[in-house]
Amino acid sequence: MTLTLGLNFGTHDAAAAIVHDGTVVAAVEEERLNRIKNTKVFPEQAIRACLSLTGAHPRDLDQAALFVDPKLHLLLAPSNLRYGTPASIGSLLSDLGKYRTRRRLHDTVRRSGLLPDRLPLMPVPHHRAHAASAYLTSPFDDALVVTLDGRGEYETAAIYDGSNGRMTRRHHILYPHSFGYLYSALTRYLGFRPQSDEYKVMGLAAYGGPRYLDQIQRLARFDQRTGRLHLDLRYFDHHRRPSARRSLFSPALVELLGPPRRAEDEITDRHRDIARALQYLLEQLVGSYLAFAQRLVPKRSLCLAGGVALNCVANATVIASGRFDRIFIQPAAGDAGASIGAALAAAASPVRHPLRHAFLGPSYDEGTIRSALSGVPVGRYQVRRTAEPHRDAARLLSAEKVIGWFQGRMEFGPRALGARSILASPQHATTAARINAMIKQREAFRPFAPAVLAERADDFFALPSDGALVYPYMLATAAVHRHQRDRLPAVVHVDGSARVQTVNRDTNPLLWNVIDAYRQLSGLPVVLNTSFNGADEPIVCTPSDAVATFLRCGLDALVVGPFVVEESTR
């Protein structure tokens, strides 16, 4: 038996994961615990949470695995950076301690005594970690494995042949030519935060027209013969300046498209049209790379990972292409998920266990929940215990209440899948407007996702069978059937699509029970599901987080464990 700790830090989305004999048994993002969105710090709290979840002590760990980020090239001695050669936590900390900018991290880890100095450390290349996170958690023995992101070391995309639990790299694209940086540069140009707000650009694109298609096409091209992506680097500066001074785009892009939007500026049709053109270009480029990849590795099962694999609209295009019989996208496809991949790659277990769900984080007992509820103002709210939380939730939803839903183990990855969710009825567009404006305090153009009973999903959405493993994780959009759109206005985007989550009774029983109880009351097997957090906050983790967010954000009710919190009627 082996116990491997996987780590991601130094880039965005710090995280830790533990793999036991080829099975992912725990995975937690540090931001959920330190409450700093997209945090880069050493994931000390996430490590502690993973150890607690597995009942392990640090001395029980057999090894730690770390995907290697470009910044760490400057910090790790060459002797510690030979891929496949274990170093140690002690040598890592020794190297970190030599650099003033990392002294605080070095001291923090030393003081914590969290990991033994002699614990073997296995560096894993960034894109190999991404690839392992998808292939080694998929149900496929043989698959084409493709990774797409901004950058990892010197690679920005890679193609692997997955066969019988082993991966062979067949192709890669080199920095500075990058699918991820293309999208991030335009994200910044449009006034949003790069490597954070790309999903906003994706949502905005549906409102745009084709006006800027020709101009945006100049930014990048794909060579079908060599499989190389070529950015026209005149329009970018991510390769020229230190990261602290990057704007990601150059003055030439401003000449091409006009002045960039500032964060406080109104969003105009020009911005919507640029977003539409960018999204279209990304879909074309990704499709071309996958076509090339399939010629190189002629298989009908596809595994995807890397931050670009979180673009739900591009994923829908891949599903609709018909090139693949089955597609699997690791639910934490960004850098947080590389902690899983690093651990799996380092463990090299002869036994593989497909990931059946993403509920890999902490859960909390009734005593902890009861303690958190002591902070609810007496008189304004009533707190009561219930034997059937799902039925109380359904009753509230049918009364058009917007509720916080906090149950079981926390999800791993950027999507709230029914453990830490805000739920609402999908039947009125005004509900979506209210959640955007008052509760989430976010842009009005951003859509909400429908969570639907898997056995009824085809009645409402056009779901190709090759995406069956993607939809449970809310990672692809789909067309809403025209005759159903008027029944679900709160979750139908302006283009008639929705970012669907199919909910299976065997893998997501807590949310399935809520939706089924709501169906019995309303006739609809669909609810609105969005992440349980306030503006620019990580998704809630603890009962105390849930109570604080409930009180601050104006939710109508909170169902947390076996307790229901509602405004007092007295």
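A: Searching the whole structure, which is a predicted model, turns up 10 aromatic pairs. For any such pair, the things to quote are the distance of the centres and the angle of the planes.

Let's start with Phe9 and Phe42. Their ring centres are 5.1 Å apart and the planes sit at 75 degrees, so this one is edge-to-face, given that anything over 60 degrees gets that label. As for where they are, Phe9 is in the loop between β1 (3-8) and β2 (15-20), while Phe42 is in the loop between α1 (31-34) and α2 (44-54), so the pair ties together parts 33 residues apart in sequence. Phe9 and Phe42 are both buried.

Next up, Phe192 and Phe445. Here the centres are 6.4 Å apart with the planes at 70 degrees, so the pair is edge-to-face. The centre distance still counts, because the cut-off for pairing is 6.5 Å. Phe192 belongs to the loop between α7 (179-189) and α8 (198-205), and Phe445 to the loop between α16 (429-439) and β17 (449-453), so this pair ties together parts that are 253 residues apart in sequence.

Methods: Residues numbered from 1 in each chain as written. Predicted model: local features only at pLDDT ≥ 70, side-chain atom pairs only at ≥ 80, totals over all residues. Heavy atoms only, no water. Phe/Tyr/Trp six-rings, centres within 6.5 Å; stacked < 30°, edge-to-face > 60°. Helix = DSSP H or I, 4+ residues; strand = E, 2+ residues; numbered from the N terminus. Buried < 20%, exposed > 50% of the residue type's maximum accessible area, 1.4 Å probe, protein only.
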